[in-house]
Amino acid sequence: MTEVVSMKYLRRTLMAGGAALALFAGFAAPTLLSATAQEINPTAVAPPHGAPGSFADLIERVRPAVVSVTVRQRPDAVQQPSLEGLPPGFEEFFRGRPNGRQGPAPTSLGSGFFIGQDGTIVTNHHVVEGAEEITIRTSDGRDIPADIVGSDEATDIAVLRVRGGGRFPYVTFDDARHVRVGDWVVAVGNPFGLDGTATAGIVSAMGRTDAGSSAYVDYMQIDAPINRGNSGGPTFDLAGNVIGVNSAIFSPTGGNVGIGFAIPANTASAIVQQIINSGRVTRGWIGVSIQPLDADIASSLGLEEARGALIASVTPDGPAARAGLQQGDVILTFNGQQIENSRDLTQRVGATAIGANSRVEILRNGRRQTLNLRLGERPSEQTLASTNPAPNATPEPEQEQQGGVAQSSLGVSVRPLTAEDRTRLSLRANENGLVITTVEPTSDAAQKGIRPGDVIMQAGGRAIRTAAELTAAVDAARRANRPLLLQVSNRAGRGFVAVDVGGQ
């Protein structure tokens, strides 16, 4: 379902009665407060041992460093939004007009805060994305143009700097790793255009990995009320330190229901420093797409625990390809550190210096081995999203067509690939497989998401091109008393799934 939210925001419902992941924005912004040009000293506000009698002293000291951020976007920045990567139960609010129709350049509003007396400001990437003109409003009512120093879509962090210089009150980041669930927090920002709004609550949870699409952020969950327009604003501890950057809410209505998410300060400050130093963020990259291991996939590979990251595909001529990594390999350790899951690998690789030589322990065909690779630089998110294998221009001669070949133990019927199938799925000439024609609705394959039109590329770690080879793989898995690991290709990409072969 699609509806217009407050005339400027498009909400896409992902689930019936679904909750919402709101990338905050706001509206017109009156303001009144005054500020002094000085560093805001966090030690001047001693955190109480129990519930504070008042937050007034704290808020009075930190509020001058918080600003509203008004963004006039380029007309061409209004696009049909992508929902890829959002977890189930979330929605996202997007700037624009219903159904992606073009209109006058939209204006959005968010929050930010000074981190230096020279006018350096931290906010969210999504607040300033597509900006043609940016204006910040200080707590004493001054409107000042600002420019983007740099922005990082992967963590939703952006750094701005006001034009013309000056001296501004500012706050500092603290390391959020000392924060505990139950600690008091104060949020200051610009919800719905209401400048300088302060709210208080507690830390509800730490290390939320399912609160957004970024693999690089383990979010801090807070219940201090935050709403659209709070994006980019600071979350303070009771000493006046910035321990988080407000980024998203979980809500059935778009308003606050007590579940908000902030980027922890230790993550945000590292990104901010990179942007200040070089204008952009760089990350290590090995050139693979990976997927998590579940218990069935781990069992099909002979692993006792579902720990590691399964390589779904390898970028041609990337660092992993040059090092000899292959589809179906499981990365067990990286530079001697155990890999818990695919997110863990992404973060470890991203934090490793570009050009560094790294050791990767993998599991391949039941055997462990160690490979050495040299990290490259991770391409931009746009480049990664648009990278697809080129369609096969010279396919192999079409195989003789046969009727669907039943594989009762898998609950699917298959046929050979055709030239049309290769073009549809951008398969190369040397890639083979079997097209699934039917899937029994009650089969484990159907429960695992396999659908007619999907292509089985590998079975049991081996490439297949005939029904006989698939049958042999099924029999081998049954003898080993394991699920059968299939590599499946469809329009969404490639991935691995472990299917019960029955008869165990």
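**Exercise 1. Classify the residues that line the second largest pocket, and state which element supplies the largest share.**

Step 1. By class, the lining of the second largest pocket comprises eleven nonpolar, nine polar and four charged residues. Here Ala, Val, Leu, Ile, Met, Phe, Trp, Tyr, Cys and Pro count as nonpolar, Asp, Glu, Lys and Arg as charged, and the others, Gly among them, as polar.

Step 2. The structure is a predicted model, in which local features need pLDDT of at least 70 and side-chain atom pairs count only at pLDDT 80 or more, while totals for chains, interfaces and linings use all residues. Residues are numbered from 1 along each chain as its sequence is written, and side-chain values use heavy atoms, with hydrogens and water left out.

Step 3. The lining consists of 24 residues, and those nearest the centre of the pocket are Asn365, Ala459, Gly460, Gly461 and Arg462. On a 1 Å grid over the protein atoms alone, a pocket is an open set of points where a 1.4 Å probe fits, with protein on both sides within 12 Å along at least five of seven lines; lining residues have an atom within 4 Å of a point.

Step 4. The volume of this pocket is about 720 Å³, a volume being the space filled by probe spheres set on the points, which are joined across faces, edges and corners.

Step 5. At least two lining residues come from each of β22 (357–364), β28 (455–459), α10 (467–479) and β30 (484–490). Helices (H or I, at least four residues) and strands (E, at least two) are DSSP runs, numbered from the N terminus. Helix α10 gives the largest share, four residues.

**Exercise 2. Determine how Phe113 and Phe173 are arranged, and which parts of the chain they tie together.**

Step 1. Rings of Phe, Tyr and Trp (its six-membered ring) pair if their centres lie within 6.5 Å; planes under 30 degrees apart count as stacked, over 60 as edge-to-face and the rest as tilted.

Step 2. Phe113 and Phe173 are edge-to-face, at 5.8 Å centre to centre with 75° between the planes.

Step 3. Phe113 belongs to strand β6 (residues 107–114) and Phe173 to the loop between β10 (157–162) and β11 (184–189), so the pair ties together parts 60 residues apart in sequence.

Step 4. Phe113 is buried at 1% relative accessibility, whereas Phe173 is partly exposed at 21%. Buried means under 20% relative accessible area, exposed over 50%, and partly exposed in between (1.4 Å probe, protein chains only).

**Exercise 3. State where Gly260 lies and which residues it touches.**

Step 1. Gly260 is located in strand β16 (residues 260–264) and is buried, with a relative accessible area of 1%.

Step 2. Leaving aside residues up to four places away in sequence, Gly260 touches Met220, Gln221, Ile222, Ile226, Ala248 and Ile249, where contact means heavy atoms within 4.5 Å.

Step 3. Asn246 is 14 residues from Gly260 in sequence and 7.7 Å from Gly260 in space, C-alpha to C-alpha.

**Exercise 4. For Ser426 and Asn481, give the phi angle and the setting of each residue.**

Step 1. Most residues other than glycine have a negative phi.

Step 2. Ser426, although not a glycine, has a positive phi of about 55°. Ser426 occupies the loop between α8 (419–425) and β27 (434–439) and counts as buried at 19% relative accessibility.

Step 3. Asn481 also has a positive phi of about 55°. Asn481 is in the loop between α10 and β30 and is partly exposed, with a relative accessible area of 48%.
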